[in-house]
Amino acid sequence: MVKREKIAPSFQVPDDIEIDILSRLSVKSLLRFKCVRKSWRNFIEDPVFIAMHLDYYGKSSVGFLLYGSRSYKYIKQYLNCSSIDVSMSIKILFGESPGYMIGSINGLVCLSNNLYFFLKEDKRLSIYICNPSTREILELPECHHAYNDFVLSIGFGFCPKFNDYKVVVVKLLDSVVNVRDPNCCLFSLGVEVYSWNRNSWRSTKIVNPRSVLTTSFQGKGYFNGAFHWGGRDLKSSKRMIMSFQFDEEVFRELNLPNHPDFQEENYFLNALIIEYQNFFSLIIKQKVNMHVYDLWVMKEYGVSDSWIKQLTIEVPVLEDRLMFRPVMSFENNGELLVLSDWYGRIVWYNTKTKQIERSKEVLRGRSIRYKESLVSLSRKKVV
């Protein structure tokens with residue numbers, strides 16, 4: 001009599017354990033696993049899982065995106081000093097236009113074909129939102145404008161209150177000389193706000209604003225539900241930070257630290273917005289020491305008196321005498337700072353060991369903070 005072998009009973013991994021394991025994998029792996037099992041595909045496409053993955057895996061995948069804007073326009077992701085397999089060409093979007101990375105939130109990146117220019121019949125504003133991890137790209141509907149409007153700035157962010165991604169475009173409209181004061185011009189600002197939930201633009205006009213945007217800060221413009229720029233009071237010439245609150249769709253003013261370095265005419269050229277240990281922060285070059293930077297932290301967002309100088313960073317000058325400047329926020333618990341030299345080459349500087357770490361490849365281009373995500377650009381409920 002032939003003795004039959006006993007077949008071991010199959011073991012089914014509980015759903016909650018499967019979900020927990022999947023939520024800690026890279027986006028590239030998850031996109032492949034969608035083809036393995038129908039239940040996994042349903043998990044991976046579920047908004048609740050996407051939010052869980054953003055929280056679990058996203059925290060460990062924070063790095064930065066490098067946008068090369070030369071003849072070959074591309075986006076490439078870096079995690080610390082290493083390039084990871086997230087790269088996409090966007091040359092087809094911009095053609096001969098320079099292209100700009102506006103900002104990034106929850107793995108989505110906002111791009112525009114141009115900035116600081118007059119709108120013309122043959123020169124329009126094109127804005128895109130893309131997810132480099134999933135290779136999805138969405139072109140936004142054209143915003144309202146009149147020819148000869150001047151595009152001052154663009155902001156991108158997330159509105160937690162309404163679970164909505166928004167884009168704001170600030171334009172300089174008509175301006176005329178004040179007959180009572182020939183040295184003063186009267187002008188209006190046009191504000192266009194795009195809502196992902198509505199898939200449309202909303203227009204407002206601010207006549208004779210009290211303050212105006214002066215420039216976009218380098219670094220991370222989005223923080224705490226708002227996008228930030230440098231600003232100036234038109235009457236007193238007081239310098240400040242202007243923020244656009246995405247939930248209320250209004251502008252607010254934030255005071256700068258009460259320090260001489262922020263009173264310089266072009267202070268914003270040497271200032272960088274970052275998020276340091278979950279605080280809204282600024283890095284600025286010292287006036288007296290050209291290669292020394294101070295990190296200022298706003299301990300309570302929106303409260304002027306809560307600014308403190310957290311630390312001072314001495315940026316090295318190498319043997320070729322090329323000075324570096326900070327271009328990105330801290331990584332690895334505040335140890336790494338992304339720097340750029342005057343040729344646009346990117347390196348990492350360890351603030352504890354005082355050592356420079358270079359990539360194996362020459363990195364040139366604009367950079368923004370970024371983390372991988374599964375957030376989809378299809379017309380489903382957003383995360």
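1. A residue counts as buried under 20% relative accessible area, as exposed over 50%, and as partly exposed in between. Arg-202, at 40% relative accessibility, is therefore partly exposed. The structure considered here is a predicted model.

2. Arg-202 forms a salt bridge with Glu-249, with 3.4 Å between the closest N and O atoms. This pair links distant parts of the chain, 47 residues apart: Arg-202 lies in strand S11 (residues 200-207), whereas Glu-249 sits in the loop between strand S16 (239-245) and strand S17 (250-254). Glu-249 counts as buried, at 19% relative accessibility.

3. Lys-309 and Asp-294 also meet through their side chains in a salt bridge, at 3.6 Å from N to O. The partners are 15 residues apart, with Lys-309 in strand S21 (residues 307-314) and Asp-294 in strand S20 (residues 292-298). Lys-309 is partly exposed at 40% relative accessible area, while Asp-294 is buried at 1%. Elsewhere, salt bridges with shared partners join Lys-34, Arg-41 and Glu-45 into one network.

4. In the salt bridge between Arg-24 and Asp-20, the closest N and O atoms are 3.1 Å apart. Arg-24 is partly exposed at 48% relative accessibility, and Asp-20 is partly exposed at 30%. The whole structure holds twelve salt bridges.

5. The largest nonpolar core has 53 residues, of which Leu-125, Ile-127, Ile-154, Phe-156 and Val-167 touch the most other members. Strand S8 (residues 150-159) gives the most to this core, contributing seven residues. Leaving aside residues up to four places away in sequence, the contacts of Val-167 include Ile-127, Ile-154, Phe-156 and Trp-201.

Key:
Residues numbered from 1 in each chain as written. Predicted model: local features only at pLDDT ≥ 70, side-chain atom pairs only at ≥ 80, totals over all residues. Heavy atoms only, no water. Core = buried A, V, L, I, M, F, W, Y, C linked by side-chain atoms within 4.5 Å. Buried < 20%, exposed > 50% of the residue type's maximum accessible area, 1.4 Å probe, protein only. Helix = DSSP H or I, 4+ residues; strand = E, 2+ residues; numbered from the N terminus. Contact = heavy atoms within 4.5 Å. Salt bridge = Lys/Arg side-chain N within 4 Å of Asp/Glu carboxyl O.
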